[in-house]
Each structure stands twice: as structure tokens, then as C-alpha cells.
Amino acid sequence: MDEVIICEKPRSSEKIAKALFPNAKKKKYKKTYYWEHQEKNKKTIIIPAVGHLYTLKPKNPNDELFFDLEWAPVPEVDKKKRYVQDYIDAIDSLAKNADRYFHACDYDIEGTLIGYNVLKHLCGDEALQKTLRMKFSTLTRDDIIKAYENPIELDYGQVDSGIARHVLDFIFGVNISRSLMKSVKESTNRFIKLSAGRVQTPALSILVDREKAIRNFKPEPYWIIKAILEDDIIALNQRGRIFQKNKVKSILGECQGKDAIIEEVKINRINRMPPPPFNLGGLQAEAYRIFGLSPKKTQSIAQNLYLEGYISYPRTSSQKLPKTIKYEKIFKGLSKDPRFKEKIKNLKKPLKPHEGKKEDEAHPAIHPTGLLPKKLGKHEKKVYELIVYRFISAFSEKAIIESMNAKLNIGGEIFKFSRKKVAKKGWMKQYPYQKIEDEKFPLLKEGEKIPVKEIIAEEKETKPPARYNEASLIKEMEKRGLGTKSTRADIISILYDRKYIEGKKIRVTPLGENIIDTLKRYCEKITSEELTRQFEEELKKIMKGKTSKDKIIKKAKEEIISIIEEIEKNKEEIGKHLYKAYQKGRIIGKCPECEGNLLIRYSDKTKSSFVGCSRFPECKIVYPLPKGARILKSKCEKCGLPLISYGRPRQRACLDPHCGKSKKDKMEVVGKCPKCGNDLVKRSGRYGEFIGCKGFPKCRFTASIEEVIEKG
DNA sequence: GCAAGGTC
């Protein structure tokens, strides 16, 4: 009897194989691995997918609108994912026509669909009829064995809602994106890559709202009143921000020149528990805070560390560290590094981690495996150590913060001040990224009178809300349920790629704002979280069998048709506005030679960006842009053009590569050398300007300017 | 080309 167990990914196939058949043989197929176990007359194959092996594509790519979709192998649709082919081939050649199948992918909608598509497309005609579902919530030995011994039926509600999720995202996102691009193309004959989607558009909308709030913000002046006393004590008037100037005057009048009476001195001790172990979002936020690494970079570093076996699975939302990960073993491994050992020796037994609230059915929080890395890159090392120290901290003792809060009465006005110091360092000593406060507590007694050096009113301004950065945007998306732990960083990078947003402190470009304004008018739903909510509800109904996927898809199709019709009707206006906004965002300064603007342009011929004048072809001013160059806000001191940053390590220079160089170096090409074919350039010599070959001194061809003009 | 979701 042949038995096949289909797993979602290589890592889980290994765990499942080892749990069910400790003696199973690990075998290789091309670059992939699977497990084989022979027992009496039963042979079992445990074999992995790599996430989705199949993806949707339009049946007919020439369709105006894409509603007719079919499943196609991922590598066929996405050339960057050729590695998936080996996994498909492995299943195709090893897992066909078995006597029974186990669907052992993650127990969620996507996992169910991953396994379903494998069974449907790769395992032979009858495979799905011979399929049982393993249901487990953790990849622990006990859970896996239980799931194998008590399999359930495949839940077709789950399958259908998975299919519906893919279809809905595709027909909304792709069709609306295409219609936006089409309106630009047809009204301006220009191509700009544009996109909209259930997750990226609401994310962009959050940023636009913030952008508008910042723009519309009117700073208001306010005052805070401070009392300066001895021992560097600065006490704050408890009224906080005062917006009326005359009130400030009257308060100053009340308390100026008077002594302070200490009304109250409170000393408190507060326990500060260690920070929770990392889930992916937490790691991304902390790596951004401490090292300035982008969430996408952190994610790919974590993925590498995981593949090398140094850390656990990083795509987790859990902040829990269950005993089953075997604390002792991990610490034993880590202790081989003296720097880690130094911290680990401070841990008190029994080992018990302080955990966070968030859970993940499939994986524990990110933690080191105990296997020490041999050689790591600069950033990899930083992220790895961050994970290790965070892990050690979770097992460390709480810290105790001692605080002093004092209330002073100065001429009837109450002033407050507080001081903090760490009374017991606990985990703070273990986590090198933690600031340890150590303020001195002045000796103050209740009822005592102390002199006041000065009372001052400081004028300040209310500040606009802060801009998001990548890390804080990920947190916001997490809070609103937009995207998943594994997609958020990628979605933000799409917003950058499309030039909807720019900068570390994220600013929205005119194009980004225009996309949102346009979609708000024609398809408000896609700009808010509403579409995600609606999907969630409908998918739940499909799952419970309360409605069918076909009904839901049909409804969505009608909705999209009416949206696209509206866009189509107004395509002239939409397209022109989008293009104009796109151009506006590309302006980087004034042209030094004419009245035009300098724009970032793209050459299809050289497949690279450059800077050129908006009055082209009348004005032919161009500047090259090195690959990966960024145009800075600051200007060149010599010529006023913007500065650029480029190369590795990053260096700064004027946009004009000839800026600051003498005229001699600025070679103006006037034609081809008749002698050697090299460029002819204008040069200046002792007797004025002349034309010479660029190949000098190899080629010594020269001519006078008049001669060249004469002969053309 | 266009989405969002899995994963090496």
C-alpha cells in the first residue's frame, strides 16, 4: 500500500516525517528533499510543496477585462520563481496514484488551498477522493501523531473560500490597476506602471490622510511655565500647555520671586517585565529602531538565518516560547559564544520566559536554535545578535524602576517634577539595546521650603502629527488587519516602486495622492479597509457553506464592471490628471539653461533613469544618473543643482558630473574624427578654442572651429 | 505589466 503525505513546505515535511517515522529515509530529488518509509507492505512518502505551487492567470491574456481565470504552475507565470519547478517535478514523479493521501499543510485557508491544488494537479485523477486531512495546530511530535491517527475529511468550504480569496484579489486588483494605466495611456500616450489593491491602496490611503493632516496643520503657539531650582531641578507647572498669553503673565505674576514649598514627595518602585520575544513585526520594528534596517531587509535577513538553521521560523505572529523548543539545549549551544555565556550565566532556574500576548497556531516566537553561525555579514550579525539577546532577556529577571515624583507649591501654583532610576537592572543588563536610566534623586522633605532660582515661560508651538516610517506603518497595518505578517513589508516596497511614496520618513508624492483621490471618487471601497472586511465576512460564509464561491465571485464581477465603466467614461480626465501628478513628482529643480523644470526621465533604450529638461526637445540639457542614485533635497553650493547620493558606500556629489571642473574637462562632442572614428571634442589651447580628437594623444587630429563648421 | 498570498 502506497501512502503519500503532502506538506506545505520543506521544513514542515521534515518535522512531520521525523514525528511519524523516526527511521524514514531522507531522499533527494534534484535540489529538493523528501522522506520515504517502508514498513511491511506499506510505503509512505512525505513530500513538500514550497507554499503555493499554482497561481491564477487569465485564460486569455487578450481579454479586455480578466474574469476568466485558471490555475497555472507558479514558475510558468513568474520567471523569478524557477526554483519552484523542482518541487512540482518531484511531486509529479513520486506522488502519483498512491492508495491514499494525507493533506498535511497548515490548517488555514491558504494552507488548505496549497495542498488541494497539489492533489488536484499533480497526484492523479482520483487523488482527492482518496485524501484525508491532518489537522494540527503546532508542529510538535504529539500533535502530528494525533493528526495522523485521527484524520478528518478535507473541508471543501475552506478550499472554496481559498479559491475565492485568490479570485477576488485578482479580479479587483488587476482589473482596476489595468484600467488606471489604460486611462493614462489613452489620454497621454504615455505608460506609467500603476496599481491598486485590497491591501496596498488602503495602506497608501492611511499615508495620504497623514500627509493631508500635516499639510493642513496650523501650528499654535503655547507656553509652558518652568521653575528652575537648585540641584538642576526643573519643575513643570501642572497646567501644562497654556494657550493664552495673558494667563501666562498672570501666573508668572503669582509665583515670581516666591519660594517653593514641597507639598509632596513620593518614591515608587515599579516592576518592569522583560520585553516579549519577537514575532516578525516586533523584530522588524526593533531592527528599524536600533539599526535603521528596513522591514523588508530584516525579513530577508531573518529568512536567511532561518535557512542556515540559526534561528527558528521567522514568519510568525507569536510572542510565545513553549517548553517544547527545549530551552536548556538552546542555551547550551549559545553558551559556546563567551559573549552570550556572560549573559546566560545570570539566568535563574527554573527557566521560564516572560511571554507576550500574541499567538500563532503554527509557530512559536522567533528564537535562536542554539547553533552558532560561523560567518555572517554585517547586517546579518546585527539581526542575529538582536534575536539572541532578546531571547536571553525573556528568561531574565524583571527590572525595578524607582521613581521620585514631587509636587511643589510656588505662590499657589503647583509645579511637578519627576526623576527615574533603575534600582534593579534585571533584564536591562542582559539586553544591550536598552537605555538604563540613572537620574539622581535630590534630597527633598515634605513641608520644606526651598529657594527658586527663576521662573520662566517657554514659548513653543504645537506640532503636526509625525510621519510614518516603514516600521510604524507595518504596525498600523497590523492593527487594522491589513495584509499578513509575511506580505506587509513587500506591499510597502510596492508603494515605493510605484513612486507613490518616498523617503524614510514617508512622504506621499503627488502621484500617490492623485491615485487615492481618483479611487475615492470611483471606487471608494478599495481605498479603505472595507474591502478587506467584506472579503473576510464573505469568505467566512463560504467556509460555513452559507453561500457559494460562485455567487460571491459573480457579485464581485458585477461590481467591478460598474467601477471600470465609470473609470472608462472619465478616462480623459483621470489619465491626464494622473500623468500630470506623476510629472509633478518627478520635478527636481529648475533647468539652469531655460525656463523649464528638470525632470527624472527614463530611457527605454538604455533602460536607465536620467535627468532632463521638461522643455525637451527645445532644451537639450541632460545629466546622467548613476545606477541606484537618489536625488537629495539639498543643493550644490557651487551651482545650485540638487545633490545626488550614489554608489556603495554612499557618496554625495552634484547632479552635474562636470560641476566644479574646469572648462577643459568639459568635453563638448561636436562630431566624429575622420581619422580614427572617435569623438571630436572642443578643446581650448594657447591660441583659443580648437577641435581635437578625444583619442589624443593616440590620435593627433586637430582642426579649427571654422574648418569644422565649413565642412559640417 | 497589473494583486495578495504562500515560501526557498
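Reader: Before we start, what counts as a cavity and as a lining residue here?
Author: A cavity is a set of grid points where a 1.4 Å probe fits but cannot get out, and lining residues have an atom within 4 Å of a point. Keep in mind that this is a predicted model.

Reader: Fine. How many cavities of 30 Å³ or more does the structure hold?
Author: The structure holds 2 of them.

Reader: What volume does the largest cavity have?
Author: Its volume is about 40 Å³.

Reader: And which residues line the largest cavity?
Author: The lining consists of Leu168, Phe172, Gln534, Phe535, Glu538, Ile552, Lys555, Ala556 and Glu559.

Reader: How does the lining of the largest cavity split by class?
Author: There are 5 nonpolar residues, 1 polar and 3 charged.

Reader: Now the second largest cavity. How much space lies in it, and what lines it?
Author: About 30 Å³ of space lies there. Pro277, Phe278, Leu321, Ile366, Ile387, Arg390 and Phe391 form the lining.

Reader: Changing topic to helix packing. How do H11 and H13 cross?
Author: The axes of H11 (residues 327–334) and H13 (residues 378–394) come within 12 Å and cross at roughly 130°. The two helices are therefore oblique to each other. H11 passes H13 in a left-handed crossing.

Reader: Which residues make the contact?
Author: From H11 they are Ile330, Phe331 and Leu334, and from H13 they are Tyr384, Val388, Phe391 and Ile392. By class, the contact of H11 with H13 has 7 nonpolar residues, no polar and no charged. Phe391 of H13 in this contact is also listed in the lining of the second largest cavity.

Reader: What about H7 and H16, at what angle do they cross?
Author: The axes of H7 (residues 200–215) and H16 (residues 488–497) cross at roughly 70° and come within 10 Å.

Reader: Why is that pair called roughly perpendicular?
Author: Angles of 65 to 115 degrees count as roughly perpendicular, and H7 and H16 cross at roughly 70°, so they get that label.

Reader: Left-handed or right-handed?
Author: H7 passes H16 in a right-handed crossing.

Reader: Which residues meet there?
Author: Gln200, Ala203, Leu204 and Leu207 in H7 meet Ile491, Ile494 and Leu495 in H16. The contact of H7 with H16 divides into 6 nonpolar residues, 1 polar and no charged.

Key:
Residues numbered from 1 in each chain as written. Chains lettered and ligands numbered in written order. Predicted model: local features only at pLDDT ≥ 70, side-chain atom pairs only at ≥ 80, totals over all residues. Heavy atoms only, no water. 1 Å grid on protein atoms, 1.4 Å probe; cavity = no way out; pocket = protein on both sides within 12 Å on 5 of 7 lines; lining within 4 Å. Points joined across faces, edges and corners; volume = space filled by probe spheres on them. Nonpolar A, V, L, I, M, F, W, Y, C, P; charged D, E, K, R; others polar. Axes fitted to C-alpha atoms, helices over the stretch in contact; angles between N-to-C directions. Helix = DSSP H or I, 4+ residues; strand = E, 2+ residues; numbered from the N terminus. Parallel < 35°, antiparallel > 145°, perpendicular 65-115°, else oblique. Left-handed = near helix turned anticlockwise from the far one by under 90°. Contact = heavy atoms within 4.5 Å.
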